[in-house]
Amino acid sequence: MLVRILTVLFFGLSCLVSAQAQDVGGDSVQIRSVQADFVQEKHLAILAHPIVSTGHFTFKAPASLRWEYFTPVHTVLLMDDGSIRKFVRQNGRFVEEHGMGLNSMQIVLQEITGWLDGEITDTPTFIAEPEKEGYIVLRPRNQALAKIISRIELKLMGTSGLMESVTLYEGPESFTRMVFAEAVLNEAVLPSVFRKP
Amino acid sequence: MKVLVVLLALLLLSSCTGNTLRALPESLPAELSPEQKETIRQSCARLFVAGDWQLVHSITFNLDSGHGATVLGVTVLDGAIVKTALMTVEGFVLFEAELDGAGQLEVAKALPPFDNINFAEGLMRDVKTIFLEPAAVPVVAALGLEGAGCRYDVAGEGAIDLIPTPGGSFVMHVYDREFTETLSIDLDSFAGQQSGMFPEKILLRAPGMRGYTLKMTVISAEKI
């Protein structure tokens, strides 16, 4: 369950960065690929100082994704051609972690497809509601999921449709905020990016 | 999920496994001067955390089968209160609990398969063992083949031997009430962090047929 949720959220959220991308004329842009850096802050009641992680992700339509943390632990999640793999860097080389739960792949793909095809709207997993200006809130439909993720807050970057940040709330004092930067749309991406750590 | 189940099993074993590979070595009078004994005693005491700190570690476990996983471990030492959280690298909290000075355990969050009181108790006990000096006056003695070190004989719980090595590291042997070794912990690569000294690498081994290894690497140590 946890792996499924985690995979859904992190793979799906990467796509939100580009879900409603528009060009300078305001017309919708067909997303072929998107890349961005991110800084993640983990806030927890017991933490006097948040845990800060940095990383980068690369997405290529229809369903290839590389989600990489550089710090504090160098890990790479790869999704390509129906397979999902996770690698952790240990002693100077990447070691694959097994047991990620391959069934989650199908759910991930559904989420990605849903977010890319339309606007940021309801999906089988979340109900989307616009909140204050520039924000959209996703609430889980499933009660079991709601115990783990109470809501997801998306902050839009102006009228571009790009995401400025995503905040996942686990509870009142526990949340994870990812702030994106240096987003690049529709650049060519080599297939090996999604196959090798 | 399989990874988490394996991790749970390992961590449960870390607190529950009794093996008979190593019995408590007898304390023998060490031929050391009082000054030497005091030096060893002080070096043992310095190993443990004093004051209020927030520690973050990466925790990696490996099995011979090739299975393994890496999670983040948060330890907050706030006076006599110990707070601990385990979370995925992506930031999802798997387990969060607090142990007060009176030994009262409060679990704030425990996702399956971590929603098990044995796991919670075992984890908090291990965290205390690694970071807090035992509630006993150490006796400096020759401890087995590894040389002179400190023995903490904790009433009703067992014993902990803490032995400095020639390379500047420490090895800790933890024994249960039957004086059977349950854990061996290597504390290595000490570095100064805001007036404290912390091992940058901790290797926790549970010997025996179901043996495993947990490797902890410090990510940050901040005084709070």
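This briefing describes the strands, helices and nonpolar cores of the structure above. The model is a predicted one. Chain B contains three helices and 13 strands, and 39% of its 224 residues count as buried. Among the contacts in chain B with a separation of 6 or more, 48% are between residues 24 or more positions apart.

**The sheet of chain A**

- Chain A holds an open sheet of eleven strands with antiparallel pairing, in the order S6-S5-S4-S3-S2-S1-S11-S10-S9-S8-S7.
- Strand S6 (93-97) and strand S7 (126-130) of chain A are the edge strands, each of which pairs on one side only.
- From one strand to the next, the twist averages 20°.
- Strand S2 (residues 51-60) and strand S3 (residues 64-71) of chain A run antiparallel and are joined by seven bridges.
- Within this part of the sheet, A:His56 stands opposite A:Glu68 in S3(A).
- Strands of a sheet pair through backbone hydrogen bonds, in either a parallel or an antiparallel manner.

**Nonpolar cores**

- In soluble globular proteins, nonpolar side chains tend to be buried together.
- The largest nonpolar core has 58 residues, and B:Ala85, B:Met87, B:Leu94 and B:Leu162 have the most contacts inside it.
- With six residues, strand S3 (residues 68-78) of chain B gives the most to this core.
- A second, separate core has 28 residues, including A:Ala63, A:Leu65, A:Leu77 and A:Ile148.
- When residues up to four places away in sequence are not counted, B:Leu94 touches B:Val71, B:Leu86, B:Met87, B:Thr88, B:Leu111 and B:Phe114.

**Helix H2 of chain B**

- Helix H2 (residues 34-47) of chain B has 14 residues; from its first C-alpha to its last it reaches 20 Å, close to the 20 Å expected at 1.5 Å a residue.
- In H2(B), the buried residues are B:Ile40, B:Cys44 and B:Leu47.
- Viewed down the axis of H2(B), these buried residues fall within an arc of 55°, so they line one face of the helix.
- An α-helix has 3.6 residues a turn, so residues three or four places apart point the same way.
- B:Pro34, B:Glu35, B:Glu38 and B:Gln42 are exposed on the other side of H2(B).

**Helix H3 of chain B**

- Helix H3 (residues 117-131) of chain B has 15 residues, which should span 21 Å at 1.5 Å a residue; the end C-alpha atoms are 21 Å apart, in agreement with that value.

Conventions
Residues numbered from 1 in each chain as written. Chains lettered and ligands numbered in written order. Predicted model: local features only at pLDDT ≥ 70, side-chain atom pairs only at ≥ 80, totals over all residues. Helix = DSSP H or I, 4+ residues; strand = E, 2+ residues; numbered from the N terminus. Buried ≥ 20, exposed ≤ 12 C-beta atoms within 10 Å, placed from the backbone. Contact = placed C-beta atoms within 7 Å. Expected span 1.5 Å × (residues − 1). Pairing = 2+ DSSP bridges. Axes fitted to C-alpha atoms, helices over the stretch in contact; angles between N-to-C directions. Core = buried A, V, L, I, M, F, W, Y, C linked by C-beta atoms within 7 Å. Arc of directions from axis to C-beta.
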